[in-house]
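Hello,

Here is the structure I promised to pass on. Please have a look at it first, and then read my notes below.

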Amino acid sequence: MNQYHVKLRCIRRGASSTTLALLGLLRSRHRAPNSPAKTLPRRTALPLPVPASAPPSRAFPLRLSPPLSSPPSRVSIRRRLLRLRPRSAPHSPPIMSSSEVVIPNPESLEKKKGSMRNGGRSKLQVIADFDGTLTRYWYNGSRGQSSHGLLQQGNPEYDAKREALFEYYHPLEISPTIPIEEKTKLMEEWWEKTHGLLIEGGLTYDAIKKSVTEATISFRDGVVELFEFLEERDIPVLVFSAGLADIIEEVFRQKLHRSFKNIKVVSNRMVFDENGRLVAFKGKTIHVLNKNEHALDMAAPVHDKFGDLNGSNDDTTLVKKRTNVILLGDHIGDLGMSDGVNFENRIAVGFLNSNVEKSLKDYCNTFDVVYLNDASMWGVVELVSELCPLDD
């Protein structure tokens, strides 16, 4: 079986972009001397079948590039990985689209990108939702857990009580008929009751660590590379969540196995006693309708220990001076995360993970770029590389 057939088999089995890139490099470096290259033409696209158990995002035409003629550098590998992303099909409509990405207004997007490039990386920041945005919507063919949903309190009675609150309040959260003022009060009520149950039920930090270890949650492909790229260029990342900061930080520690000095979490933060038992929550409650940059007093860096709020005011001031924003979210309401920023330019990237046909129009009216069906983060990596060139 030649290298091309190995690559094709890997594609059909859902191999990652990194695996495909490495196969291409092996093919170029181990070809016999003077043997002709057996490659497809550069612009040939293959419509690939999708395994029945795979998430819908597996189905897209993939363009194969010819092999490299010399050992690659780190930069060329990154560029090669970016070229593995799908591109628009020929004869596409005015809305640039493929089975993975939709750009409702290409001219507007290019204008924003030009302005943000001119502003330089010192004016750039990234604001990201956590659940369903940084994390995958699907996990091994099933719905992945959220940072709130993965928590097992270690007390079945209180786990059941929190589940009952979810069953009552979640329909109210997504109801289109409840006025925003009334819904805001309901969300505050839901969060306060849930936090009360966590304290009353004796939640411990050990239970949080155990819950994350056993959770079906993972980051999207390309998230680590995005964080590394931004960290190298001192571009801050604010992770907003209506969940629990301590759980999110534990997910970072266990799933990424490292910390990033430029990432801060804006979420509900717990207070534990000397025995690791939850006794209170810090500051105001952050829920789904108020998670915006007005809540920056809750921000803390992601480090190996608990986030320390002391001395974070200077960082907050610097962040607010960064007026070019890349916003990442999976709900239309996530655009409110940048309400505390007097931004000059904002590129809003939406991840539409499910109900694509019903929701695509609304997402296109809201976001500058829409990624469909639990897509990877590689498109955002390419975006930030355009805004912050390698020679910048």
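A polar contact here is a pair of N or O atoms within 3.5 Å; within protein, one must be able to donate a hydrogen and the other to accept it, and residues adjacent in sequence count only if both atoms are side-chain atoms. This is a predicted model, in which local features need pLDDT of at least 70 and side-chain atom pairs count only at pLDDT 80 or more, while totals for chains, interfaces and linings use all residues. Residues are numbered from 1 along each chain as its sequence is written, and side-chain values use heavy atoms, with hydrogens and water left out.

Let's start with Q254. Its side chain makes a polar contact with the side chain of E250 (2.9 Å), and another with the side chain of T213 (2.9 Å). Q254 sits in helix α9 (residues 245-256); helices (H or I, at least four residues) and strands (E, at least two) are DSSP runs, numbered from the N terminus. Leaving aside residues up to four places away in sequence, Q254 touches K209, V212 and T213, where contact means heavy atoms within 4.5 Å.

Next, D221. You will find D221 in the loop between α7 (205-213) and α8 (223-232). The side chain of D221 makes a polar contact with that of R136 (2.6 Å). D221 and M377 are 156 residues apart along the chain, yet their C-alpha atoms are separated by 5.9 Å. D221 counts as partly exposed because its relative accessibility is 35%; buried means under 20% relative accessible area, exposed over 50%, and partly exposed in between (1.4 Å probe, protein chains only).

Now the interior. A nonpolar core is a set of buried Ala, Val, Leu, Ile, Met, Phe, Trp, Tyr and Cys residues joined through side-chain atoms within 4.5 Å. The largest one has 57 residues, and F130, F227, I326, L328 and V349 touch the most other members. A second, separate core of 20 residues includes F240, V266, V341 and Y363.

What about the cysteines C364 and C388, buried or exposed? C364 is buried, since its relative accessible area is 17%, and C388 is buried as well, at 1%. Counting a disulfide as a pair of cysteine sulfur atoms within 2.5 Å, the model has zero disulfides.

I hope this helps you find your way around.

Best wishes
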